[in-house]
Amino acid sequence: MYTINKKALAVAVALACSLQAHAQNNEQQKTKEEVSEEQQHGLEIISVTATKRKTKLMETPVAITALTESELKKNGVNNIKDIANLVPSLDISTATDQSAPVISMRGVRSTNLTELGDPAVGVHLDGIYSPRMQGALALMYDIDRVEALRGPQGTLFGRNSTVGSINVISAKPELENLYGKVSVEAGKYNSKNIDGVVNIPISEDFAVRFSAKGLKRDSYLEGYYDPNQYDTRRLSDEILNAPVISEDSYQGVGQTVTQRENWWIDGAGTDPEAQKVRALTPAKKSDFYNNADEYSFRISALWEPLDGNFSNHTVFQKYVNNSNNNLDLVNCDKLRARPDDMGGDCSSFLPSDNTYQAVVNVPGQLDLDITYLRNTLNYNFDDEYSVVWLLGYENMERSSAQDSEVGLDPWDGATYFLDGTGAKSFSTELQLQSDEQGDFIWIVGANYFHEKTTTVGYYDNPMDDKAFWAQPDRSTDAFAIFGQGTYKLTDKLHLTLGYRFSDETKQDKGGRTYRCSNADGCAVGWLNRTELNNLPVDYYEDPSIYASFFENDNKGSWQHHDFRVGLDYDLSSETMLYTYLASGFKAGGIGDVFEVVNDRTGEVTRFETKFDPEEVLTLELGAKSSFFANTLNLKAAFFYTDYTDMQYASVGSIGNVERLSVVEDDNGSPILGEDGKPILDFRNQPVIAYYTQNVPASTIKGIELEFDWKPYPNGRVTGYVTWTDATITEDWNTKWDYDAEYLFNISYEESKNPENTLLATNLKGNNLAMTPKYTANISYTHTFDLGEYGFIHSWLNASWKDKSYSTIWNLDKHLDDMNFVVSDEATKYIDDTRDAFAVFNASFKYEPQSQNWYAEVFVNNATDEVIQYWNNTSKGVPKGSFGMPRYYGIRAGFSF
């Protein structure tokens, strides 16, 4: 487990030696003229707060990338998701069902984005932990910098920073200058983006800052509404009265499954007009899935008494998202040219052969409202000690509606989160810090965090089962004490020791899951489509009509000790070597509780889905050096991580129970009786849950090389290259859960049966998801000085990622040890491989000599690359979330 890859270590050591030789040579050859040139033409000095005190980026012994606001704007960054290509070993996707980003760093990520899960990469706003990942999508604007720390940050940043931390630091008010600036953007898809800031000094020691941003954009999807799906309550009369294209299904007429082969349509209901097959209706792009309609504003205040020894920074921030939600899409690029006998390509079951399309019967809706309040107080006792007090409050409210099967299956379904769903959190941290002058620099502190989440929502299968979630009080209480110090062993050698004790409790009080089905008389009954569509759209939003419920009350507690031991050595004034061994911890979870009733016997069986904590232990060796009069910065890091009990969440079966359900034929369609209704019988069916497993052990190792070069005063080249190997290294015997229904040609019940020996598998040797072996990024900026006519700034960026897997299943590695009935060729169209891809961005900006305004043209994803980030394959159809297609536009701004 702890054997370091010799080849990778040799590369890191060789690089460090090279850095040392160059640095010593530079030190010896530097002249007074070069020193002057360094001051005039060298790279700017960037300060970061990775150690919870301000240090220079190139002197901080940790792998960290700092992004300034100008870099973020050049790259078209609107939220954290957009920085994925700017940071080594970082990948950020979107889980559409929770409207939240999934952050993966150095091969580690969290797949449980519900209120039961925690991230593996902690997101901090102005140094204060933000618990819900939906908040990470908040618009980024008026930013001083974004710091992305890689490696365990457990001793200083605590919970859920097992593999890294991202800290978004907003710009503080300035005490001296009254000024403002505004920028606007117009682009493809009718996109409109505006942001601005005003800085107002009230007095010599008090200032306020107002900033805001708004973004509106049409959907980039080819969207359709389908009146042929079972539940049409949310569709307009215009859609319901679309032209009739066939009097009957199974006529081969139409573009979708629900048009051409809808097994229930002839017998569903009493209204003959409603049973005819109708055309799809194109959706308006302004209010369809994957559009944008969001805004945010921030008010901050800074108080720094001139004759005092403290400062206080207060931030109030609001973020509102009223878009039409996001949606999983079919990967038509992967299916292209698939033969009909293997299921055909997208044109076989969708209107066109286009990944960016969706057919729905539930209009998308997302109402996300987050209020933030943050305060940082710094107080200096004397020249030797200071106190830092952090306070944070966050209130998230959300509701949403999302189509689930997106027209790919006659079995209709949708997920709704209702008003009342949200999370409130409070955190406070008290730090005592030494000054930075002595031989021993230290920080000690205590942290307390409390969060209460509330979930109100339901999953609706209009033909039968519904599950209503009423979770009024799911809470987390976490307490920690920590300390970290650096001792100067010699003038050049420093020892860092850190420790953190964590105590975390999670509890569900009063949680209920309500059940409704045709069998218990709560739902309207099989094929009573007309009766269903006469009900109000909010009919099933009332839990009092549900036939039964089970309790979710549960509790779990975990304690952990984390440590950090590090050494850093100054080879010269321009080169530093460092190494550390550090641990990280993410608490376990209480999971959901399920009490299921046997429809035949009435017996109740209880299932609990608790899961264990996960731990990491990382060894890192790194080097940072400046060359050529501070015009070239190089950073290198080799890391080796031992990853134990990784938490992997997915939808699967946790058991079986007898249910009164329809009898199906070999094609999975219900068998109808003489009365035209499905034949029912007691059948052994799976208990489906979104639950978390623990992967026993994984090993992750890699090399990261970053560079920042200013070869001449008007030019700059920046970027990185990485190599990563992330592999499950111990036996993980589990049930095959990647599209088993299609791969084994078995029924849905058989594909979910946890006791089905056909599905038993061992995933040892699989690669972790979203971890390309190689990645590279390079940006080139050149400024043309036009003299009295101003400046033209050109920027080109290329980002490349090697092939990888989008899930942990690695289908192509199991073609010989699993008894798949489909051919090896057929699996290539639906496997979880993600091809290598490159993304190109560019911009050209004009500024006059006064630099008080600018105009810019830009393009992102110039080659229109289709990039999949999340995988949800089922029934031979690969689905997931995808990056935005080619986007271009113009920007302009002015300052005053």
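User: Which strand is joined to β13 by four bridges, and how do the two run?
Analyst: Strand β13, which covers residues 222-225, is joined by four bridges to β20, and the two run parallel. Strands here are DSSP runs of E with at least two residues, numbered from the N terminus, and two strands pair if DSSP finds at least two bridges between them. This is a predicted model, in which local features need pLDDT of at least 70 and side-chain atom pairs count only at pLDDT 80 or more, while totals for chains, interfaces and linings use all residues. Residues are numbered from 1 along each chain as its sequence is written, and side-chain values use heavy atoms, with hydrogens and water left out.

User: What stands opposite G223?
Analyst: The residue opposite G223 is A358, in β20.

User: What order do the strands of that sheet take?
Analyst: The order is β16-β13-β20, an open sheet of three strands with mixed pairing. The edges are taken by β16 (281-282) and β20 (357-360), and each has a single partner strand, so one side of each is left without a neighbour in the sheet.

User: Switching to Q433: buried or exposed?
Analyst: Q433 is buried, with a relative accessible area of 7%; buried means under 20% relative accessible area, exposed over 50%, and partly exposed in between, using a 1.4 Å probe and protein chains only. The residue lies in strand β23, which covers residues 414-434.

User: Which residue does its side chain make a polar contact with?
Analyst: The side chain of Q433 makes a polar contact with the side chain of Q431, at 2.8 Å. A polar contact is a pair of N or O atoms within 3.5 Å; within protein, one must be able to donate a hydrogen and the other to accept it, and residues adjacent in sequence count only if both atoms are side-chain atoms.

User: And what is it in contact with, leaving aside neighbours within four places in sequence?
Analyst: With those neighbours left aside, Q433 is in contact with K52, R53, E384, Y385, S386, V388, W442 and I443, where contact means heavy atoms within 4.5 Å.

User: How many aromatic pairs does the structure hold?
Analyst: The structure holds 30 aromatic pairs. One of them is F288 with Y289, an edge-to-face pair at 5.4 Å centre to centre with 85 degrees between the planes. Rings of Phe, Tyr and Trp (its six-membered ring) pair if their centres lie within 6.5 Å, and planes under 30 degrees apart count as stacked, over 60 as edge-to-face and the rest as tilted. F288 is buried at a relative accessible area of 1%, and Y289 is buried at 0%.

User: How are F627 and F628 arranged?
Analyst: F627 and F628 form a tilted pair, 6.0 Å centre to centre with 50 degrees between the planes. F627 is buried, with a relative accessible area of 3%, whereas F628 is partly exposed at 46%.

User: What lies over the face of F417?
Analyst: R398 does, at 4.6 Å from the ring centre. A charge sits over a ring if NZ of Lys or CZ of Arg is within 6 Å of the ring centre and within 35 degrees of the ring normal. K466 likewise lies over the face of Y540, at 4.6 Å from the ring centre.

User: Last topic, how many salt bridges does the search find?
Analyst: The search of the whole structure finds 37 salt bridges, a salt bridge being a side-chain nitrogen of Lys or Arg within 4 Å of a carboxyl oxygen of Asp or Glu. Among them, the side chains of K635 and E706 meet at 3.7 Å, N to O. This pair links distant parts of the chain, 71 residues apart, with K635 in strand β34 (residues 632-662) and E706 in strand β35 (residues 680-712).

User: Are those two buried or exposed?
Analyst: K635 is buried at 14% relative accessibility, and E706 is buried at 11%. Both residues belong to a network of salt bridges that links R106, R150, E620, K635, E704 and E706.
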